[in-house]
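Student: Could you walk me through the ring contacts, the pocket and the strand pairing of this model?

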Amino acid sequence: MRKTFGTGSVWEQTLGYSRAVQVDNTLFISATAASGPDGIVGDDFYSQTKYILEKLGAVLEEAGFSYQDVVQSKLYLTDISKWEDAGRAHGEVFGEIRPTLALVHVLPFLDPEMLVEIELVAQKSA
């Protein structure tokens, strides 16, 4: 079984991607930024990470998953020296769940106000 989830963003059509794709009992969520209806939310690594994780919680819920199902998390940071700020927000959500984690240092994103993107993989027990 394959099911896609979208946000209605024009970028999804233009670039040919989905916000999330579920294959059987696994959900793959595209890298997500702190973009809100009025632009980027937050101006630091902690607040952007926190906002993104809230957005991802809604994606998980829409697909019938939860934070408890997350098995892999990747944080893409434009300034790796700020890993502790992003990590603190991540730990507030995943401290007890403890998925695998990658902290990846990247060049600036298309919008220079974007400091963080997060990608998740969630899996339900078979």
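**Rings, a pocket and a sheet**

Student: Is Tyr67 buried, partly exposed or exposed?

Tutor: This is a predicted model, in which local features need pLDDT of at least 70, side-chain atom pairs count only at pLDDT 80 or more, and totals for chains, interfaces and linings use all residues. Residues are numbered from 1 along each chain as its sequence is written, and side-chain values use heavy atoms, with hydrogens and water left out. Buried means under 20% relative accessible area, exposed over 50%, and partly exposed in between, using a 1.4 Å probe and protein chains only. Tyr67 has a relative accessible area of 25%, so Tyr67 is partly exposed.

Student: And what is the geometry of the pair formed by the rings of Tyr67 and Phe94?

Tutor: Rings of Phe, Tyr and Trp (its six-membered ring) pair if their centres lie within 6.5 Å; planes under 30 degrees apart count as stacked, over 60 as edge-to-face and the rest as tilted. The structure holds one aromatic pair. The ring centres of Tyr67 and Phe94 are 5.6 Å apart and their planes stand at 90°, so the pair is edge-to-face.

Student: Which ring does the charged end of Arg88 sit over?

Tutor: A charge sits over a ring if NZ of Lys or CZ of Arg is within 6 Å of the ring centre and within 35 degrees of the ring normal. For Arg88, the charged end is 4.0 Å from the centre of the ring of Tyr46.

Student: How much space lies in the largest pocket?

Tutor: On a 1 Å grid over the protein atoms alone, a pocket is an open set of points where a 1.4 Å probe fits, with protein on both sides within 12 Å along at least five of seven lines; lining residues have an atom within 4 Å of a point. Its volume is the space filled by probe spheres set on the points, which are joined across faces, edges and corners. For the largest pocket, that is about 690 Å³.

Student: Which residues are closest to the centre of the largest pocket?

Tutor: The lining has 23 residues. The closest to the centre are Trp11, Tyr17, Arg19, Ser35 and Glu117.

Student: Which residue of β7 stands opposite Lys74?

Tutor: Strands (E, at least two residues) are DSSP runs, numbered from the N terminus, and two of them pair if DSSP finds at least two bridges between them. β6 and strand β7 (residues 100–105) pair in the parallel sense over six bridges. In β7, the residue opposite Lys74 is Ala102.

Technical notes. Helix = DSSP H or I, 4+ residues; strand = E, 2+ residues; numbered from the N terminus.
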